[in-house]
Amino acid sequence: MVDQDPGAADPLSLRGVVPPTVTAFHEDESVDYDRTADHARFVVDRGVHGVFPLGTNGEFPLLSGDERDRVVTAVVEEVGDEVPVIAGVGAPSTYRTVAHAEHAESVGADGLVVVTPYYYPLDREGTLEHYRRVADAVSLPVYVYHIPSKTGNELPLETLAELAERDVVVGVKDSSKDVPWLAQAIDRNPELTFLAGSDSLIFTGLEIGCSGAVSAVANAFPELVVECYEAFTDGDEDRAQELQSTIFDVRDAFKTGGAYMSGVKTALRMREFDVGPLRSPLRLKDDDSAAELRERLADLDGVLDGRDGSH
């Protein structure tokens, strides 16, 4: 088994299951800050090890700057005394990213997740300068959010190594699904914390040296993902692999008839935890797709009831 101690550069020693918590909306699509905080409470009470507001599941590109700041405040106030809150602060511009970072620090966030800037192509110097300016503006640890399929900007291994050498970043949330890239990044930068960013690679990520996972499935079924992580860290890799297979099945079910995030919010409704709609143009599943989702989840013993996916 790979040593699971996180990198020495990370003052939070971040590990375990860290859901990218959802942003709740009222029916008119205005942000429901109380319910957003309630969702952070929902996952923390079910055993997760940290929360990550304003990731992809938090619909951050669809929120205004003020809405984003208020989401971070609400989540920190609800669970910040219990688990690390690593706030998503990334934006296409360095200027806006720094502003969100400063706000997150001011309200008590524990760390910052900074997605590689998106829309415009970014070169090496631009990447280094972007992260350096964020790190210089605050005293919180900075984690790179690597998701090139959404940003259009892949982070070269050499650039990540420079960021690490300059003490600009302390870790990476990798959603590239590029296992060779992740394995090489871990091998070359042992001082950094790495979090697997895809539900399809939780077990694989732990095997190659990640200290935890950012799991969308854990937004709806935190018990299942926490058990998978704990089985792995307890040395029961057969059980961890079995639970990873169940996570695969949940992940595939979420994709029924629409976007992955619609599966997360629809599944939460099935657990009698309604966080409202997605913000347009995203949408919840229609009745037929929701019925199919329920049927597929019901076939997975214990998952819908939150009984940790046991058989």
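The legends below describe close-up views of a predicted model. Residues are numbered from 1 along each chain as its sequence is written, and side-chain values use heavy atoms, with hydrogens and water left out. Because the model is predicted, local features need pLDDT of at least 70 and side-chain atom pairs count only at pLDDT 80 or more, whereas totals for chains, interfaces and linings use all residues.

**View 1. A network of salt bridges links R41, D45, E78 and E82.** Side chains of opposite charge can pair when their charged atoms come close. A salt bridge here is a side-chain nitrogen of Lys or Arg within 4 Å of a carboxyl oxygen of Asp or Glu, and a search of the whole structure finds 18 of them.

**View 2. R124 forms salt bridges with E125 and with E162.** The closest N and O atoms of R124 and E125 are 2.2 Å apart, while the side chains of R124 and E162 meet at 2.6 Å, N to O. R124 lies in helix α4 (residues 124-137) and E162 in helix α6 (residues 157-165), so this pair ties together parts that are 38 residues apart in sequence. Helices (H or I, at least four residues) and strands (E, at least two) are DSSP runs, numbered from the N terminus. With buried meaning under 20% relative accessible area, exposed over 50% and partly exposed in between (1.4 Å probe, protein chains only), E162 counts as buried at 16%, whereas R124 is partly exposed at 38% and E125 is partly exposed at 47%.

**View 3. Y145 and K173 carry the UniProt annotation "active site".** This annotation comes from an unreviewed entry; its positions are given in the numbering used here, feature names are shortened, and annotations may be inferred rather than shown by experiment.

**View 4. Y145 sits in strand β4 (residues 142-146) and K173 in strand β5 (residues 171-174).** Y145 is buried, with a relative accessible area of 3%, and K173 is also buried, with a value of 5%. Leaving aside neighbours within four places in sequence, the contacts of Y145 (heavy atoms within 4.5 Å) include F52, Y131 and K173, and those of K173 include F52, Y145 and L195.
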